[in-house]
Amino acid sequence: MMFSNRLVNILIPTISVFLGLLVGAFIMLGFGYNPLTGYLSLWEGAFGDSYFFGETLRQVTPYILSGLAVAFAFRTGLFNIGVEGQVIMGWLASVWVGLAIDAPMIIHLPLVIIAAALAGAAWGFLPGLLKAKLGVHEVIVTIMMNYIALYTSNALVRNIISDGQDRTDRIPETASLTSEWLAALTQYSRLHYGLLIALFAAAIMWFILNQTTRGYELRSVGFNQDASRYAGMNVGRNIILSMVISGAFAGLAGAMEGIGTFGYQSVKGGFTNIGFDGIAVALLGGNAAIGVVLAALLFGTLKVGALNMPTGAGVPTELVDIVIAMIIFFVASSYMIRWFLLKMKKEGK
Amino acid sequence: ACGSSDGDSEDAEGSGSDNSNGEEAAGDDFSVAMVTDVGGIDDKSFNQSAWEGLTAFGEENGMEKGQGIDYAQSTSDADYNTNLNRLVRSDYNLIYGIGFLLAPAIEEVADQNPDTNFGIVDSVVEKDNVASIVFKEHQGSFLVGVAAAMKTESDKVGFIGGVDSDLINKFEAGFRAGVKSVNKDIEVKVQYAGAFDAPDDGKAIASNMYSQGIDVIYHASGGTGNGVFAQAKDLKQNDADRNVWVIGVDRDQHEEGQINDTNVTLTSMVKRVDVAVQDVSTNAMNGEFPGGEVVEYGLEDDAISVATTNEEAMTDEIKTAVEDWKEKIVNGEVEVPSTIDEVKEFEDSL
Amino acid sequence: MNYVIEMLNIRKEFPGIVANDNITLQVKQGEIHALLGENGAGKSTLMNVLFGLYQPEKGEIKVRGESVKITDPNVANRLGIGMVHQHFMLVDKFTVTENIILGSEPIKKGTVDIKKAEKEVERLSELYGLRVDPKARIRDISVGMQQRVEILKTLYRGAEILIFDEPTAVLTPQEIKELIEIMRALIREGKSIILITHKLKEIMQVCDRCTVIRKGEGIGTVDVADTNPNELASLMVGREVTFSTEKQPAQPKDVTLAIQDLNVKDARQVDMVKSLNLEVKAGEIVGLAGVDGNGQSELIEAITGLRKADSGDIRLNGKSITNLTPRKVTEAGISHIPQDRHRFGLVLDFPIGENMVLQTYHHEPFSKKGVLRYKEIYQKAKSLIEEYDVRTPSVYTKARALSGGNQQKAIIGREVDRSPDLIIAAQPTRGLDVGAIEFIHKKLIEERDKGRAVLLLSFELDEIMNLSDRIAVMFDGSIVAEVKPEETTEQELGLLMAGSKQQKAGGQ
Amino acid sequence: MGFLDILQSIIGPAIFFSAPLILTAIGGVFSERSGVVNIGLEGLMVMGAFVGIVFNLTFIDTFGSWTPWVSIFVAMIISAIFSIIHAIASVTFRADQVVSGVAINFLALGLGLFLTKQWYGKGQTDMVSRPFYTTDVPLLSDIPIIGPLFFSGMYLTSYVAIAFAFVGWYVLYKTPFGLRLRSVGEHPMAADTNGINVSRMRYVAVMISGAMAGLGGSVFALTIALNFSHSTIVGQGFMSLAAVIFGKWHPLGAMGAALFFGFAQSLSIISSGVPLLQDVPQVFLLIAPYVLTILALAGVIGRAEAPKAIGTPYIKGSR
Ligand SMILES: Nc1ncnc2c1ncn2[C@@H]1O[C@H](COP(=O)(O)OP(=O)(O)OP(=O)(O)O)[C@@H](O)[C@H]1O
Ligand SMILES: Nc1ncnc2c1ncn2[C@@H]1O[C@H](COP(=O)(O)OP(=O)(O)OP(=O)(O)O)[C@@H](O)[C@H]1O
Ligand SMILES: [Mg+2]
Ligand SMILES: [Mg+2]
């Protein structure tokens, strides 16, 4: 056999990334840019030196978690477009609790992280509940919950957490994920310990879904609710649980920003896009834990690297959005690539 | 050292090594750059204005983009630090963060890079290597408030803010004070859209305000303001005699108000970020960087002004009144409130 | 030679398998031609080739002597070929008429002329005796009626050659009788029919000739008049097959399942089970006979906890299990082989191995402290697969990829293996070939002999008569009669099921 | 303010707010009824807004006062063509339809902004000088009560949107095309065996959704935003998707849902002027439309049944 299954599973995303970059290159050529310079500056912007590498990893961190959030729900047959709002609430909660409580780090930091997860979970609970009990489509409810999160967070920041300011104070060191050590290692990048949390969360997701009886139920409900009911599972409870866990991941993604990257929450003029990008990350990663981590890595690289393209090559950053779109498109159309590989295989024989 | 001779301007950058060439040509080894907020370099607002200031500074000193001056654009809040650091790494002497959103990032990066100078626009960062550039938007808003008060026939005017925040409150406070100073009985209706990118809400709010008899609306709401203009122009199109006005913000929004051969933009509260940026840059180049200081730009520096492009609407009477009040503000006779609490006090004292 | 259809040396491959290998099928004008073969022999594939859904790799198709290329169903329709699929091709939100005219709608001023269509449907349905309500929605009508819609669909398109793919698998005896009448009527009108069925009795009853295929290969064609069921079966399977299952008289012991005064409503709040009383003893098989739609499904759902009972009492070994959750019912000792195996029986996207622990995953040894132990799960799965002869490439194969028969064997293995006190088997052999049926029947009797109670729901009178120790006839929500198979006939049973003869009602 | 005035100031904004959502949601209904999930509505609206504005700016001298109408027509065509990408991916290449829709969203925004920068040298276009304006409908606006409420100060495009909803209903439920389209979304194999070309049907449906979203996006741009930038279409496509589901995959239902959103939005804006509500913190008014929607879903609408085959690519011969 020329292509084993595993090899194909690696080949497809690789080929997709390559094709996506190729389309980007043609567009650059078409508009009179040098694609080589363009991609070189993207590379520089993402991995140019340890600082940029650190920043790339920092950007990857929330993407992993928001990607996991979308993926987790997806695996149980639910489409959580509300990750965006759950991120905002997690962000808010982490900062709020960080500011409100005075405690040594060993208590404070876990507390803050738990608060973020709980806030995101709470934001996922309602759509889950409505879906489970009344059959209300989770897509609409989560879309609505995004707006409610945005406006509520803004109002809380302004009127409750700060007095009339545009952003909260900075959280104290004891509640912060930042690390002198990581910063020094990467020339003052904002890389923080959250990356470990994100990777750990990926492992958790894999473990819950694939190794536990709970995960077995969640997956089963995702595939076939009737059979799950027949087998004695509580379908409604699993739907709610799935949204809650998904929301908790999203809340953690918010915490990465709240107590990692920023250290405060501010009044937002619009969405953070971390949640919406999470949809792309999850789907790119095939809704599997490892896939999500890799997809987040790709996504973070492209996003951070893109910032350097206007300076480095005069290419508008939007080119990267086009490239990302094309990569997603090719991954989605993997049937085509599979078919092509199969043909190659046949001819190779 | 003026007028660099090598033709390649755009793609000379790339890595630090061939940068030295460009910088030398740029004169005195001084270089300035800026980081935009999420609005982007061409937001037709303060980012764009700041870049215009830098370009003007560059022209004076024989620099151009990529050689002596440059900018980095941000697409999300998380990008500010990265962009600032990128520019620090390219050895720029002075780096601006445009917009209050960048304040925390400037604070952090300035801490980490004590040898680089920074400027923050629209906010205050207390660091020795940071110059805080703020504007007295309340003063300008006061003056357009005066214009609005004189223009209104219904004695009802409106204010539409983007997101309810300190900065926008400053606009609101000044505007209300200005209106009330002319006529205590004029009603000022204030509404925030909750977003800077919601033209639909802007339009709906404007529609509601105009239908209640309000005839002048001052908007400080970025892209949301598009909807305000759309509504005003629509009313004008349907009834050329109708009294509907919009007051623009940040720059002269005359163009936005053009409808057929008339214009609904009464005036605009113009904030000359370019003036400030050019000024601070020149000072810095001359070794007088106002590090650790809060540099306030206002009416007296012509960094805040009131547009008079719409000559028909801005009658001599209004212009004179605006001038008079400006005089009073500049010489300290009138203290313009800059927060909601202050404006309440101010109104009570009238 | 007067063949309307000739499929010559057809070969059709799927990735990794040759579904049809050099098969020849020749159908004469005006005959009913049977196509016989085990599950997965390639019958449906061959018919799909004829209907234009698949393109053959090799071979020639002639229609009325002319060589044709059937590239899609449109071409088949134009050639006068119509097909009633094994799995109905009906849009269940649409009305009968909408389904029939779909794709060739009568048009008036750009809109569908639904009035005209309904008239045409009525005309056709009268002509061939296919009673349907043109305005009813598919989801509201019985399976038998749905099948008539399928037939009308082909007739509406002017089909001259009709393919029936396992039409009787889903029908009640009455409906089968009606269908046979309909087929005869069609032949009288000059149509030709290809009939796929696993029921040799039906072949003997209506068919003129029979083509047998085995594992994708054509075995040959025989005149039905010159053969018998045994010969057909051995042609098909390649070995001798026994028909009536050998079994000893039952030795019923204590009452395992006792139902008293049970009332159950369906989703639309209609009373479906009405004051029903029923007992099943350990060591006996009770057959539940009845025409579909008389409350059998609701009864079983109520016992298994899938549906709430309105009132009444259900006891297992003396303990009430009324309105417990499905999990508690399962744990109390009930196994359930569900009627709709795709909907309830399996998570088709799970590997077959994980499907084998669908109710027991949370018990040791399959999991410990909430963590799955795949080694144990797959070990169990492997032994079950072996014991129950489930043909699958591996335990890691998705259940979806298995044929229906093998899926069913897997479910039965799983349910029986739990050593329950009561096995509820709803239509356990639907759509399976004789070999598989034989196997499943043997298993159920084995379980009975081990002292388990078995409640068998089947619409096949054969199966009920062969397997049951006692037959409870269900009509309009209650048990109207109880009979012993050896003391009754199929005719009598049929009448009881129709509710026309209720003298034995309430006899328990 | 009299009651009628209040009504008038609610209805006007509600309808202009709803119109783009109605148009887009109808497109969504067509696509989803054919079995293709369309989460790319947002991106298709972006494309429509972009094309509408660019065309308007470029051809104002050619078409004069007809420019906005020609612009939305062209936006419709281009977006329909653009949506073919989604069709190719999800129909021909059997892609996960959600993934492909997400790609559409990224692509449209990226492409729109990239081209804006190429063509205008900045991140946003100029304002169009010939947008749509409201008018009083002759005769009808003179009817007492109804006239001022529904026929004065309205955009003709709003009537177009409402008309399209009825056309959509008619096409979907009265014509052979509609019957076939719905059958493809319910049971593609049944449609296939009846000789209906499933792929072609789905391509057409996706393109209709592209056209309608293009129309919606360009109507939004030419009545409300008046230019194109990264912040022109922010979430309207997702709201339209919500309207599709809220409206139970029915064109008139989707219209009702979109109108509901418009009314809720409008109501929350008006409320700040109502004496009783003046002191309610602003945030409650801001979130009111979204909370109302959830309440409506939970209380009245409840379960909605999606087209059966939605989200699954049709592969001949499998079931
Ligand atoms: N879509 C498909 N893809 C791959 N293989 C298929 C497909 N359809 C059928 N096959 C293969 O073709 C063989 C014949 O299948 P077919 O459905 O024709 O059997 P059948 O005789 O109709 O069985 P049954 O009696 O159960 O209906 C199967 O064993 C299977 O391996
Ligand atoms: N999509 C598919 N991919 C691979 N094999 C398939 C596919 N669909 C069907 N098959 C194969 O077709 C064979 C027969 O399929 P089919 O489902 O018709 O069996 P069956 O016994 O007729 O089932 P049922 O009793 O449910 O009608 C199986 O062996 C299965 O492996
Ligand atoms: Mg078959
Ligand atoms: Mg079969």
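Student: Which residue of chain A forms a salt bridge with D:K117?

Tutor: This is a predicted model, where local features need pLDDT of at least 70, side-chain atom pairs count only at pLDDT 80 or more, and totals for chains, interfaces and linings use all residues. Residues are numbered from 1 along each chain as its sequence is written, chains are lettered from A and ligands numbered from 1 in the order in which they are written, and side-chain values use heavy atoms, with hydrogens and water left out. A salt bridge is a side-chain nitrogen of Lys or Arg within 4 Å of a carboxyl oxygen of Asp or Glu. The closest N and O atoms of the pair are 3.2 Å apart, and the partner of D:K117 is A:E318.

Student: Which helix supplies the largest share of the side of chain D that touches chain A?

Tutor: Contact means heavy atoms within 4.5 Å, and helices are DSSP runs (H or I, at least four residues) numbered from the N terminus, as are strands (E, at least two). On that basis, 44 residues of chain D are in contact with 41 residues of chain A. Helices α3 (67-92), α4 (97-120), α10 (236-246) and α12 (282-301) of chain D each supply at least two residues of that side. The largest share, 14 residues, comes from α4(D).

Student: What area is buried between chain D and chain A, and what share do carbon and sulfur atoms give?

Tutor: Buried area is the accessible area (1.4 Å probe) that two parts lose on being put together, summed over both. Between chain D and chain A this is about 3900 Å², and the share from carbon and sulfur atoms is 83%.

Student: How do β21 and β22 of chain C run, parallel or antiparallel?

Tutor: Strands of a sheet pair through backbone hydrogen bonds, in either direction. Here 5 bridges join β21 (residues 422-426) to β22 (residues 453-457) of chain C.

Notes:
Pairing = 2+ DSSP bridges.
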